[in-house]
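Please look over the sequence and the fold shown below before reading on. The paragraphs that follow lead from the overall layout to single residues.

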Amino acid sequence: MTELEIKVPASPVTGCKIKIGTNILGSLWKEIDSDYGKLSKFIVTDENLVSAGHLAKLTSSRDVPHFIISPAGEISKNINTVISIIEAMEKAYLGRDTIIIALGGGTVGDIAGFAAAVFKRGVPVIQIPTTTVAQADSSVGGKTGVDSSLSKNAFGAFWHPVRVYIDVAALASLDERQYRAGLVESVKHAIIADSEYFLFLENNLDSILKRKPDVLKKTAYRNCRVKGSVVEEDPHEKNKRRILNYGHTIGHAVEAASGYELLHGEAVSIGIIAAGLIEQEMGLAEHERLDRIRKILKKLGTPIQLPKNITENEIIDLMKRDKKAVNKWPKFVLISNIGEVYTKDGQYAVEVKPEIVKKILKEMKKD
Ligand SMILES: NC(=O)c1ccc[n+]([C@@H]2O[C@H](COP(=O)([O-])OP(=O)(O)OC[C@H]3O[C@@H](n4cnc5c(N)ncnc54)[C@H](O)[C@@H]3O)[C@@H](O)[C@H]2O)c1
Ligand SMILES: [Zn+2]
């Protein structure tokens, strides 16, 4: 198992150990039990993880109190699910001496993490991510929360896991479209912080797509290193952590404009290309750089053009409502090189005129 640790300042959890391996799910219980023997365990997972056999593997079919989210996915990422989880814990006579174990993708991790943050004013949580999104992104960094009927992540808390266990073999059962879309966050990590990692992705994408464990372990390690170091520096997203939003300003708007038909990673793939075109327009990039990025996303098979049924105006309008917008217009994360974010006056999110955005969106609709 490969290990790394990230420090989390200003948090009740001072350090978060991340362990990465292949086929480790079956042996984790022993380790969790020896590290947290005094605590009662409560597992939160979803129906697809159960049918794929991952819950049984984790518990070795022991009878551990648990909650199975159903239906799986974003539709259940709401406060009612959190209430059900907390009440299930109370019914099982669990108290503050409990540790929650989240087994699943980003929705399970976000819901279970939030339940841990608020159950009896907070109990520890272990994240066992099982999707490409969760292994690269959501399990590390402490953001937890659920959606309201109006907006995503309307309820939330920073609640860092005490441990993250990444079993890359768990990805074997993940649906192909989800698998590929989640890898966009890995490409994003390489673009913003690690040019060597970008090269690694260029050279190893075939093996990654074949889900070869060795290369997936390396990918997971690089992702955690990038995300971990950004989070260590800026745990509460005052400035530097915003670099993780690369490709997301337009990406979020595209995701919403598609009526959530596009997966998050697919929309971010479009957003990454949009950011690259903005960089070119602002004189921050040569064509060759964007070609490299385009090539990798093309191979991933995620979209790199705006869907025909989405208009520029729709996107602009949605961007004005971006939760990070100031005076109804969001700032952008851009890069100056692969592996290096562009900064202006010490800020990682910079101004881009709406006219530039309109122009590149038009370009992105051409064949
Ligand atoms: N907290 C953060 O920092 C952060 C970062 C990125 C994304 N997110 C959140 O993550 C969520 C998206 O995460 P996701 O894409 O993992 O979605 P998800 O949890 O809904 O998983 C996608 C689908 O795959 C299934 N699944 C998961 N693992 C599987 C496996 N190993 N085998 C078979 N099926 C499996 C799930 O049941 C679900 O149907 C969003 O709600 C997003 O807001 C949070
Ligand atoms: Zn994202």
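Two residues are said to be in contact when their C-beta atoms, placed from the backbone, lie within 7 Å. By that criterion, eleven residues of domain 1 are in contact with five residues of domain 2. On the side of domain 1 that touches domain 2, seven of the residues are nonpolar, three are polar and one is charged. The model in which these contacts are found is a predicted one, and the protein in it is divided into domain 1, residues 2-174, and domain 2, residues 230-363. Taken over C-alpha atoms, the centres of domain 1 and domain 2 are separated by 29 Å.

The interior can be taken up next. In soluble globular proteins, nonpolar side chains tend to be buried together. Here the largest nonpolar core holds 105 residues, and the members that touch the most others are Val44, Ile100, Ala102 and Ala115. This core draws at least three residues from each of the two domains, domain 1 and domain 2. If residues up to four places away in sequence are left out, Val44 touches Phe67, Ile69, Ile85, Ile100, Ala102, Val108, Ile111, Ala112 and Ala115.

Among the residues that Val44 touches are Phe67 and Ile69, and these belong to strand β4, residues 66-69, along which the side chains alternate.

Lys366 has its place in the segment after α14. Is Lys366 buried or exposed? A residue counts as exposed if 12 or fewer other C-beta atoms lie within 10 Å of its own, and Lys366 is therefore exposed, since it has 7 C-beta neighbours inside 10 Å. The C-alpha atom of Lys366 is separated by 8.0 Å from that of Gln305, although the two residues are 61 residues apart along the chain.

Asn327 is placed in the loop between α13 and β10, residues 335-337, and its phi is near 50 degrees, a positive value in a residue other than glycine. Because Asn327 has 6 other C-beta atoms within 10 Å, it is exposed. Asp345 is found in the loop between β11, residues 340-341, and α14, and the phi of Asp345 is likewise positive, near 50 degrees, in a residue other than glycine. With 5 C-beta neighbours inside 10 Å, Asp345 also counts as exposed.

Terms used
Residues are numbered from 1 along each chain as its sequence is written. Chains are lettered from A and ligands numbered from 1 in the order in which they are written. This is a predicted model: local features need pLDDT of at least 70, side-chain atom pairs count only at pLDDT 80 or more; totals for chains, interfaces and linings use all residues. A nonpolar core is a set of buried Ala, Val, Leu, Ile, Met, Phe, Trp, Tyr and Cys residues joined through C-beta atoms within 7 Å. A residue is buried if 20 or more other C-beta atoms lie within 10 Å of its own, exposed if 12 or fewer, and partly exposed in between; C-beta atoms are placed from the backbone. Domain bounds come from an automatic or database domain assignment. Ala, Val, Leu, Ile, Met, Phe, Trp, Tyr, Cys and Pro count as nonpolar, Asp, Glu, Lys and Arg as charged, and the others, Gly among them, as polar. Helices (H or I, at least four residues) and strands (E, at least two) are DSSP runs, numbered from the N terminus.
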